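These are my notes from a first look at a new entry. I wrote down what I looked up, in the order I looked it up.

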Amino acid sequence: MEPTTAATTAVTQLSEIVTTEMLSGVLSEVTGLLPIIVPVMIGFIALRKGISFLQNVLHSA
C-alpha cells in the first residue's frame with residue numbers, strides 16, 4: 001500500500017469539489033471572452049508597432 005502524500009490528498013479533495021458543470025461553465029466564459037480579447041490584443045500589438053515605426057522615422061529624420 002502506498003503512503004498518502006499531500007499531493008494525492010489534494011487531488012482527491014479537488015476532484016470531490018470540482019464538477020463537470022463548473023468546468024463547462026469556465027470553458028463557456030473563456031470562449032465568450034475570445035471575441036473581445038483577440039481584437040484587443042491585435043490592436044495593442046498594432047499600436048506598439050506603429051509607435052515603434054514613428055520613433056524610427058523621427059530618429060532617422
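What should the 12 residues of helix 1 span at 1.5 Å a residue, and how far apart are its end C-alpha atoms? I note that helix 1 (residues 6-17) should span 16 Å, and that its end C-alpha atoms are 17 Å apart, which agrees. The expected span is 1.5 Å times one less than the number of residues. Helices here are DSSP runs of H or I with at least four residues, strands are runs of E with at least two, and both are numbered from the N terminus.

Ground rules, before going on. The model is predicted, so I keep local features only at pLDDT of at least 70 and side-chain atom pairs only at pLDDT 80 or more, while totals for chains, interfaces and linings use all residues. Residues are numbered from 1 along each chain as its sequence is written, and side-chain values use heavy atoms, with hydrogens and water left out.

**Overall form.** I find two helices and zero strands in the protein. Its radius of gyration, taken over C-alpha atoms, is 24 Å, well over the 10 Å from the globule rule for 61 residues, so the protein is more spread out than a compact globule. That rule is 2.2 Å times the number of residues to the power 0.38. Along the principal axes, the C-alpha atoms fill a box of roughly 75 × 30 × 10 Å.

**Helix 2.** I count 41 residues in helix 2, which reaches 58 Å from first to last C-alpha, close to the expected 60 Å. Helix 2 bends by about 45° at L34, and P35, a proline, follows within four residues. The bend is the angle between axes fitted to the seven residues ending at a residue and the seven starting there.

**Burial.** I looked for buried residues (under 20% relative accessible area; exposed is over 50%, partly exposed in between; 1.4 Å probe, protein chains only). They make up 0% of the 61 residues. In helix 1 the number buried is zero, so helix 1 lies largely in the open.

H59, in helix 2, counts as exposed at 72% relative accessibility.

**L23.** Which side of the cut-off does L23 fall on, buried or exposed? L23 is in helix 2 and counts as exposed, at 53% relative accessibility.
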